[in-house]
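Subject: Structure handover

Hello,

Here is the structure for you to look at. My notes on what was found in it follow below.

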Amino acid sequence: MKVSQEFGSYDAKGHWHPGYPSEFAPLFQWPIRPLKTLKWLLQWGGYLYPSNLMYVALGLITVLWFQPSLAEAKNLEFGWIGYMLLRNFILLWVFYGGLHLIFYTLKLFGNKQKYHPSFHQEKNKKFLFHNQVYDNVFRSNVFSLPLWTFWEVMYWWAAANGLVPTVTFEQNPVWFVSLFFLIPLWRAVHFYCIHRLIHWGPLMRHVHSVHHKNPNPGPWTGLSMHPLEGFLYLSVVAIHFFVPSSPWHFFFHSQHVAIGPAAGHLGFEGPMLKGTMIIGDYYHYLHHKFVSCNFGLNTIPMDKWWGRYFDGIGEYRTKPKP
Ligand SMILES: [Zn+2]
Ligand SMILES: [Zn+2]
């Protein structure tokens with residue numbers, strides 16, 4: 001029996017799925033569709049609003065008010081590094097803890113538009129402490145949080161010592177603005193590459209299997225990774241050591257990468273604010289569910305180019321059609 005919903009439906013076992021295929025950004029479709037691309041760029045829930053713009057704002061707020069001065073960062077000292085770690089710890093708990101609280105502890109939306117009918121697993125020996133949430137929270141806080149902070153500290157220390165290429169709005173306004181659009185695309189390319197790499201036999205078995213212990217993910221699954229995967233995943237920001245940018249770009253990028261997985265692993269198709277707050281990522285959920293499809297993000301269609309794309313409609317094939 002199918003229960004119709006505004007965007008999708010539940011199957012007989014209670015799994016909710018969108019009623020439309022999981023699509024890529026029109027930016028890379030051929031022939032070019034200018035109107036569709038413009039809509040994707042500018043409409044609510046598109047490329048700019050609300051998510052990327054929120055990270056642009058958060059990056060600016062961080063640089064202006066919550067970042068140690070460059071003068072004190074010339075030497076690697078516990079004071080300013082500890083401050084950055086504490087700030088990121090708070091951000092982690094606001095975003096990951098906040099979404100978990102709303103959707104999984106208080107269950108404010110019940111099962112509405114939830115991909116998987118059950119909530120998190122307890123008493124399962126594959127998880128640390130035999131509990132999925134404890135396992136995910138532990139790995140996020142003990143491994144991924146310090147690694148996220150490590151990359152930020154390295155950048156800030158290098159910037160304080162004049163070791164990173166910089167650009168200001170006055171020097172090159174076109175490049176300065178363009179970078180905010182390019183960074184999420186670079187993130188998609190980097191993520192696809194390292195993700196394909198860690199699906200290689202030995203790395204899958206010993207490293208990436210940690211993240212894949214969660215076929216039914218929740219917010220805390222986002223950064224629940226083996227430390228090597230966390231290091232590689234977060235290394236996307238190393239590009240700022242080579243490409244001229246500003247601290248604002250850097251923190252936009254770093255927070256995008258570190259905070260984004262909370263919503264990306266939500267397990268729901270954004271029922272907040274009557275469906276207008278678009279969070280959740282069915283595309284990546286399908287990767288967790290089936291493992292051999294949808295390695296990238298749904299901006300650049302790399303999975304389509306390399307024959308690993310599944311749009312979520314119909315039966316899943318072990319070898320998805322190109
Ligand atoms: Zn994932
Ligand atoms: Zn994977």
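Before the notes, a definition: angles under 35 degrees count as roughly parallel, over 145 as roughly antiparallel, 65 to 115 as roughly perpendicular and the rest as oblique. Axes are lines fitted to C-alpha atoms, for helices over the stretch in contact, and angles run from 0 to 180 degrees between N-to-C directions.

This is a predicted model, in which local features need pLDDT of at least 70 and side-chain atom pairs count only at pLDDT 80 or more, while totals for chains, interfaces and linings use all residues. Residues are numbered from 1 along each chain as its sequence is written, and chains are lettered from A and ligands numbered from 1 in the order in which they are written.

Overall picture

The chain has 10 helices and three strands (DSSP runs numbered from the N terminus: H or I of at least four residues for helices, E of at least two for strands). Along the sequence the pattern is β-β-β-α-α-α-α-α-α-α-α-α-α. The radius of gyration, taken over C-alpha atoms, is 20 Å, close to the 20 Å that the globule rule gives for 322 residues, so the chain is as compact as a globular protein of that length. That rule is 2.2 Å times the number of residues to the power 0.38. Of the 322 residues, 37% count as buried (20 or more other C-beta atoms within 10 Å of the residue's own, with C-beta atoms placed from the backbone).

α4 and α8

These helices pack at an angle of about 170°, with their axes 11 Å apart; α4 and α8 are therefore roughly antiparallel to each other. On the α4 side, Trp148, Trp151, Glu152, Tyr155 and Ala159 meet Pro247, Phe250, Ser254 and Ala258 of α8. The residues of this contact divide into seven nonpolar, one polar and one charged (Ala, Val, Leu, Ile, Met, Phe, Trp, Tyr, Cys and Pro are nonpolar, Asp, Glu, Lys and Arg charged, the others, Gly among them, polar). Contact here means C-beta atoms, placed from the backbone, within 7 Å.

α7

In α7 (residues 227–234), the buried residues are Glu229, Gly230, Leu232, Tyr233 and Leu234. They pack against α4 (132–160), α5 (173–198) and α8 (247–264).

α9

Helix α9 (residues 282–290) is mostly covered, with seven of its nine residues buried. Among them are Tyr282, His284 and Leu286. The buried residues of α9 pack against β3 (16–18) and α8. Valine 291 follows α9 and has a positive phi, near 70°.

Regards

How values were computed. Buried ≥ 20, exposed ≤ 12 C-beta atoms within 10 Å, placed from the backbone. Contact = placed C-beta atoms within 7 Å.
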